[in-house]
Amino acid sequence: MRRKQRTATAGVLLVAAMALTACATGGSDAADDGTRAITMGVTDPGTLTPGRQLVAYDFNMAVWAPLTFLESDGTLTYVQAESIESDDNTTWTITLKDGWTFHDGTPVTAQSYVDSWNTVAYGPNAFENSGQVANIVGYTDLNPAEGEPTGTEMSGLTVVDDSTFTVELIGPDSQFPLQVSQAQTAMYPMPESAFDDLDAYNTHPIGNGPFELQDDYVENEPMVVTAYEDYAGDEPTTDQITFVPYTDDTTAYTDVQAGNLDISSVPASRLPQADEEFGDSFYSFEAPGISYLGLPLWDERYQDVRVRQAISMAIDRETINDVIYGGAYTPATAFTPAIEPGTPEGICGELCEYDPEAAKALLDEAGGFEGSMEIYFPGGGGLDEFYNAIANNLRQNLGVDATAVPSADWAEFSDKRTASDIDGPFFSRWGALYPSQQATLRPFFVENGGCANCIPWYDESVKAAIDTADATDPGDGSAYADVQELILEEFPAPPLFFETYSYVTSDAISELVTSPVGNPRLTHVELAD
Amino acid sequence: MSEQLAPQQAPLVAPADRSVWATLRSRPLFWVCSVVLSLLGLIALLPGPIAGLFGQPDPRACTLADSALEPGGAHVFGTDLQGCDIFANVVYGTQTSLFIGLLTTVLCLVIAMVLGTLAGYYGGVADRIVARLTDVFLGFPFLLGAIVVLNSIGARSPVTVSLVIAFFSWPTLARLVRSSVRTVRSAEYVQAASAMGLRDRRILLDHVVPNSLGPVLAIATTMVGSVIVAESTLTFLGVGLRSPSISWGLQLSTAQSYFQSEPHLLVFPSIFLTVTVLSLITLGDILRDALDPKGRS
């Protein structure tokens, strides 16, 4: 999801990008005056409000504190929450820690959470991340299919006292504590002042986290956050973070190389050389992202499961990973990323292994493939080499006339995919916001789950199996294995890679730490002396 | 072309010993450019057999495991990131580049001849309209215009890219035709034809157009070169041709990301591009000199 948006913005404005990036290099180490300050290259966010932001995860995770935090070792710790408990996985009681305040000094109460979640859910507000609260009872009342909603509050949220509230879900869901962890930003609290003027709040958001925003947000200007003195949680290792917007992440990458910037993500075209250029300062964080090769199941040529399996076996994932991604990814062997607990790695078996002869034999057995195959992907996002490599694989191993065709931009691609208006294989990926198989299976395999037509196969039995697993999972993800078996049988789309999110740092940083969502943990950055 | 023109206009403008062909023939550079361009023309006409000279006739036969091989062995120019033979790709790219260069120039030439002749010969309102029209197009930044148009059309084939470049490049040529036609219009043989009562159409086609064509053709040759550069630039910026087209611009665009580690990806398409454009521009200069001895420095 987060990379997806980046793809969208990068495309059209190439010339503008070339003009603008020249002057975007202002932010540098402010370490001269003794403060522990770092800079990070980001995409200009546009919106900062947690319920609305699409590309401001790092900023949000610095300015707000989540209820729970999933650590790298897989344990779930409480941050703002004292406890989150349920007897039936349907009604959850959340108790907050005492003494926490927002940056404006007002206390963080149960009411703050309830009001925030209601604001996020309220249809007319059109908050981009409202899907994150969609499983709370009453969400549909605030988002009627037609007309105005009758109320402004979800009936599933009840304030018990200042530090306790209950959440009633539409069905049993064992993964709820994960759904309020660090990257589910729509679940962050907002202070009372926010609700009076949401636009003003977006210009100057006030959170409950370790850092507070200094000045009002101005588009394409660096955002400076400094450590919040009265923060009740663990003290961060830095005093100040400056988020510097870049229109082209290649420029940010080069700026880190030049020492003008401390942290930047690595664009795909730089992955093969990043290790060589940065050595220890190159980090590839395992992330809950997975890419598939989406197949147009509305086209009869892809109806035979053997055709889909042949396509999968004709793709040389190992070599593509080495050549295009510098070995940063992992060839997929299951239908959810390996970092998601309980993922049955290897379930894909030989279907995910490169075997050109077997693939060709399987395709011939299925009656071959007629006509040409145009692999369609969003242009302008640096994906060209990846899809060209897949097209070459399919052309040479299956004898199909395969080519890779980029769209003009993300919007064109997204529109066509949503409208089922693609007649070849296509780009399909999802970066989950919390590492649970649920967070990958739902968007892909449940209709309106989030990733429309990413895998255009919506089967009742799969949905039922996901619901059952949601209700019964003991916490290790083992309940979702049944779902993956069902998917394997139909094999609606070949899984390609378990993704990593890659970053490079300047000499000012000795260690960049991550969490299972794949982003750097900015409160725990270790500075070099 | 100039060979056909020379005898026709020789009695009128130049003594026989200063004919265009004689001037061209005596310049070694003319022969160098001609040979280079003939070779490129041959490559463009027969890309398959020529790419096959070194055993790799198919530009799309790519083995990812052979990614970015150095020049030598089975791949005389090495392989690109996808493991495709660079020689085969450069050879096929020649076809695309020359096609776009020639098509665009022919399109421009047709528009320019029609509008420029009308404006130059008739003057008055026609002249003013054409002058304003060319002003409008010349006042428009080419790169910006091309990017906007190319981004708004979905499919980008060599033909569409040609059309877009032609759309923005004809005015220069039209102005040239206009001034050239104006010079010829006041020539005595045109006045004589007019006095004899010949119809405008006959005068234009028999006398004015052929005699104003010379300088225009020289510039048009140069233009083929600049169009090829324009195509490469647009493609490099990501708004020109797209894969699966094969073009030098596309190869350069891919190579830029990997230039530091794999310089040969960039070098070979660049050499072909430079040599082609240099030959065309030099040839254009030589032609201009030969056709217009007074303008020679």
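Analyst: The ends of residues 81-448 of chain A, taken at their C-alpha atoms, lie 30 Å apart, and this span is 30% helix and 19% strand. Helices (H or I, at least four residues) and strands (E, at least two) are DSSP runs, numbered from the N terminus. An unreviewed UniProt entry lists residues 81-448 of chain A as "domain: Solute-binding protein family"; such annotations may be inferred rather than shown by experiment.

This is a predicted model, in which local features need pLDDT of at least 70, side-chain atom pairs count only at pLDDT 80 or more, and totals for chains, interfaces and linings use all residues. Residues are numbered from 1 along each chain as its sequence is written, and chains are lettered from A and ligands numbered from 1 in the order in which they are written.

Chain A as a whole has 18 helices and 19 strands. Its radius of gyration (over C-alpha atoms) is 23 Å, close to the 24 Å from the globule rule (2.2 Å times the number of residues to the power 0.38), so chain A is as compact as a globular protein of 529 residues. Of these 529 residues, 55% are buried, meaning that 20 or more other C-beta atoms, placed from the backbone, lie within 10 Å of the residue's own.

Confidence is given by pLDDT, from 0 to 100 for each residue. The mean for chain A is 90, and 94% of its residues reach 70 or more. Over residues 1-32 of chain A, pLDDT stays under 50.

Key
Buried ≥ 20, exposed ≤ 12 C-beta atoms within 10 Å, placed from the backbone. pLDDT = per-residue confidence, 0-100. Contact = placed C-beta atoms within 7 Å.
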